[in-house]
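Subject: Structure handover

Hello,

Here is the structure for your review. My notes follow directly below it.

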Number of protein chains: 2
Amino acid sequence: MFAEVLTIGDELLTGNTVDSNSSFIGQKLTERGYWVRRKTTVGDDVGEIKTVVREILRRKPAVLIISGGLGPTHDDVTMVAVAKALGRNPILCEKCLEKVKAFYERLYREGYIDDPNLNEGRRKMAYLPEGAEPLENTEGAAPGAYIEHGGVKIFILPGMPREMKAMLENEVLPRLGKRKFIQRKLLAEVTDESKLAPLLIETLEHFNVRIHSSPKGFGNYIGIIIFGESQEEIEGAKGFMESRGVRFEEGW
Amino acid sequence: MFAEVLTIGDELLTGNTVDSNSSFIGQKLTERGYWVRRKTTVGDDVGEIKTVVREILRRKPAVLIISGGLGPTHDDVTMVAVAKALGRNPILCEKCLEKVKAFYERLYREGYIDDPNLNEGRRKMAYLPEGAEPLENTEGAAPGAYIEHGGVKIFILPGMPREMKAMLENEVLPRLGKRKFIQRKLLAEVTDESKLAPLLIETLEHFNVRIHSSPKGFGNYIGIIIFGESQEEIEGAKGFMESRGVRFEEGW
């Protein structure tokens with residue numbers, strides 16, 4: 001059961017913003033037992049988004065999580081581009097429009113903005129692809145969207161990390177089932193990675209786990225992450241390596 | 001002239017590591033006038049890497065920069081997977097093997113490791129795809145590789161940020177020409193983004209620039225990045241917005 005993540009934003013491609021969103025999403029999907037197979041990033045361009053969404057759908061992931069601009073400016077094209085990719089019209093969600101309106105009225109009352117009225121940019125945020133279910137944005141104006149299309153569960157989330165994280169926790173994860181997959185981070189006291197390599201291979205042959213290793217400076221420790229579906233499997237793999245002389249410390 | 005970036009690593013997909021490498025690479029490519037059109041991340045899996053490299057080559061970017069595990073362990077499969085994707089055999093680079101040997105001998109002399117000899121994992125690092133030029137790694141053992149294939153300049157760099165950055169600066173950028181493209185980061189004193197939207201569209205119609213905007217909290221500022229090929233074009237766009245009443249502050 002694999003998942004893909006698509007993040008959208010010129011600022012991610014030009015390196016002005018580090019894409020922490022896709023890491024957060026990847027972590028949550030992994031915990032729920034999804035194999036995150038690929039992450040893709042494209043710019044705020046309807047054509048590019050449309051192309052890449054269609055490519056992803058052809059690979060038939062169980063879940064596709066998209067994070068990109070849903071706001072009021074010219075470069076917030078995520079929702080309309082995904083609608084085009086799916087061949088669905090953007091439809092006004094009346095309930096969403098009411099919420100957008102209430103959001104700006106609240107900001108006005110609280111003195112943050114000087115005009116509470118709906119303008120074209122604000123109205124745009126209430127359009128979702130036909131057949132989509134709105135996802136509530138507790139941290140901002142624009143709703144997200146959930147669509148099941150060709151057997152793929154597609155979630156469209158905002159690009160702003162605070163909004164995206166809240167929507168992922170509150171609206172997406174409850175639709176993806178319980179936490180299934182666990183991981184354990186360890187520090188192996190080994191002088192260098194090349195000496196650990198044969199033992200890792202042997203461990204993988206004996207236990208149903210995945211192991212990632214990364215050097216943490218020569219002469220000190222190698223960082224190890226063991227992933228598995230059960231605590232027993234992970235402890236088994238750890239014990240096996242210990243029986244071969246590796247000493248572990250917790251965390252990193 | 002567009003470029004693509006491919007980062008490889010299970011830890012990027014599971015969210016254990018935030019992919020700062022691709023941001024750094026994107027920034028440097030953007031400065032050199034390349035439009036970074038897409039970033040992709042896959043895991044440490046020969047089949048996945050092979051598939052995605054072939055997909056990227058079909059899109060014919062001018063440059064493809066790959067960053068992934070080049071080290072001695074079982075999950076460092078970048079070099080062999082790219083070789084497979086290109087239909088080229090991995091060939092022992094004798095000069096590289098000498099350097100790998102010298103690297104471990106130095107670590108041994110300095111007391112970091114207790115065995116200076118080449119083992120299978122260490123030897124593996126000296127294999128490059130047939131016809132590739134080695135790229136020097138000033139910060140670690142494994143060399144990178146440069147290959148021109150089907151009109152695409154392909155650079156294979158390490159995944160460790162310190163090694164990747166040094167190799168990008170010293171070995172890749174000199175092969176990609178001078179810095180061409182500039183950007184200016186500004187803070188626009190506008191109460192909210194939706195009011196700025198029509199003015200941004202008008203500015204884009206008059207000037208050969210790209211503009212990215214992102215809210216920095218309501219009631220304060222909107223972050224603006226103007227990209228252009230010349231300082232004049234960028235200043236023109238800024239002056240135009242100022243003439244319409246936007247006040248700017250520097251940086252963010």
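One definition before the findings: a crossing is right-handed if the near helix is turned clockwise from the far one by less than a right angle, and left-handed if anticlockwise. Please also keep in mind that this is a predicted model.

**Helix pair in chain B**

That definition applies to helices α3 and α4 of chain B: α3(B) passes α4(B) in a right-handed crossing. Helix α3(B) covers residues 46-58, and helix α4(B) covers residues 78-86. Their axes are 8 Å apart, and the packing angle is about 50°. Angles from 65 to 115 degrees would count as roughly perpendicular, and those under 35 as roughly parallel. The two helices, α3(B) and α4(B), are therefore oblique to each other.

Which residues of α3(B) meet α4(B)? They are B:Val46, B:Ile49, B:Lys50, B:Val53 and B:Arg54. On the α4(B) side, the residues are B:Thr78, B:Val80, B:Ala81, B:Val82, B:Lys84 and B:Ala85. By class, this contact of α3(B) with α4(B) has seven nonpolar, one polar and three charged residues.

**Helix pair in chain A**

Helix α8(A), residues 193-206, packs against helix α9(A), residues 231-243. The angle is about 140°, with the axes 10 Å apart. Only angles over 145 degrees count as roughly antiparallel. So α8(A) and α9(A) are oblique to each other. Their crossing is right-handed.

From α8(A), the residues in this contact are A:Leu199, A:Thr203 and A:His206. They meet A:Ala237, A:Phe240 and A:Met241 of α9(A). The contact of α8(A) with α9(A) has four nonpolar, two polar and no charged residues.

**Strand β2 of chain A**

Within chain A, strand β1 (residues 2-8) pairs with β2(A) in the parallel sense, over seven bridges.

Is β2(A) largely enclosed or largely open? Six of its eight residues are buried, so β2(A) is largely enclosed by the rest of the structure.

**Where the chains meet**

In the contact between the chains, 47 residues of chain B touch 47 residues of chain A. On the chain B side, the elements giving two or more residues are α1 (10-13), α2 (20-31), β2 (35-42), α6 (120-124), α8 (193-206) and β10 (209-215). By class, that side of chain B has 15 nonpolar, 21 polar and 11 charged residues.

A:Leu97 sits in helix α5(A), residues 94-109. Leaving aside neighbours within four places in sequence, A:Leu97 is in contact with A:Leu92, A:Arg123 and A:Ala126. A:Ala141 is 44 residues away from A:Leu97 in sequence, and their C-alpha atoms are 9.6 Å apart.

A:Gly151 is in the loop between β7 (144-149) and β8 (152-158) of chain A. It counts as exposed because it has 9 C-beta neighbours inside 10 Å. A:Gly151 and A:Leu57 are 94 residues apart along the chain, with 9.1 Å between their C-alpha atoms.

Best regards

Methods. Residues are numbered from 1 along each chain as its sequence is written. Chains are lettered from A and ligands numbered from 1 in the order in which they are written. This is a predicted model: local features need pLDDT of at least 70, side-chain atom pairs count only at pLDDT 80 or more; totals for chains, interfaces and linings use all residues. Two residues are in contact if their C-beta atoms, placed from the backbone, lie within 7 Å. Helices (H or I, at least four residues) and strands (E, at least two) are DSSP runs, numbered from the N terminus. Ala, Val, Leu, Ile, Met, Phe, Trp, Tyr, Cys and Pro count as nonpolar, Asp, Glu, Lys and Arg as charged, and the others, Gly among them, as polar. Axes are lines fitted to C-alpha atoms, for helices over the stretch in contact, and angles run from 0 to 180 degrees between N-to-C directions. A residue is buried if 20 or more other C-beta atoms lie within 10 Å of its own, exposed if 12 or fewer, and partly exposed in between; C-beta atoms are placed from the backbone. Two strands pair if DSSP finds at least two bridges between them.
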